[in-house]
Amino acid sequence: MTDAGMQRMASRVFAALLASDTGSLTSQELSEQLQISPAAVSGAVRYLTHVSMVRREREPGTRRDRYLLHDQLWYEAFGRRDQILVRWEAVLLEGAELLGPDSPAGRRIAESADFFAFVQKEIPLMMDRWREHRAELDQNGS
């Protein structure tokens with residue numbers, strides 16, 4: 001996960017949650033399992049909730065929080081990337097316009113904006129195909 005750009009502690013916490021049988025652990029369990037401070041767990045969880053990979057729930061009858069992976073973790077996380085792509089495309093289009101369509105840099109930046117526009121159109125189609133594929137797997141008992 002760190003090789004893909006995720007923060008080191010967030011990667012460790014995410015991996016611990018992913019490898020747990022229930023997909024959920026408390027801060028204390030994460031701290032003990034990973035041998036890290038509660039502050040390190042808190043920072044990692046803050047990042048993971050911000051990128052929609054983990055959610056926080058209060059344990060009934062206690063003051064402890066339990067951290068859980070989203071049910072459709074990758075679907076949720078990937079689907080939210082669309083918002084970022086929209087922003088990147090807008091910034092790139094503005095940059096291309098400022099540099100001018102006839103300059104090498106303007107053409108390069110415009111091509112980058114075109115790429116993000118293309119990806120934005122493909123994401124919903126890919127997500128639809130994933131839902132269909134997931135439904136087939138569920139019907140076949142996989």
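A residue is called buried here when its relative accessible area is under 20%, exposed when that area is over 50%, and partly exposed in between, with a 1.4 Å probe and protein chains only. The structure is a predicted model, in which local features need pLDDT of at least 70 and side-chain atom pairs count only at pLDDT 80 or more, while totals for chains, interfaces and linings use all residues. Residues are numbered from 1 along each chain as its sequence is written, and side-chain values use heavy atoms, with hydrogens and water left out.

The protein chain has five helices and three strands, these being DSSP runs numbered from the N terminus (helices H or I, at least four residues; strands E, at least two). Along the sequence they follow the pattern α-β-α-α-β-β-α-α.

Helix α1 covers residues 8-19, and its twelve residues should span 16 Å at 1.5 Å a residue, which agrees with the 16 Å between its end C-alpha atoms; the expected span is 1.5 Å times one less than the number of residues. Within α1, the residues Ala10, Ser11, Val13, Phe14, Ala16 and Leu17 are buried. An α-helix has 3.6 residues a turn, so residues three or four places apart point the same way.

Turning to the whole chain, 34% of the 142 residues of the protein chain count as buried. The radius of gyration of the protein chain is 20 Å, whereas a compact globule of 142 residues would have one near 14 Å, taken over C-alpha atoms and with a globule rule of 2.2 Å times the number of residues to the power 0.38. Along its principal axes, the C-alpha trace spans about 65 × 45 × 25 Å.
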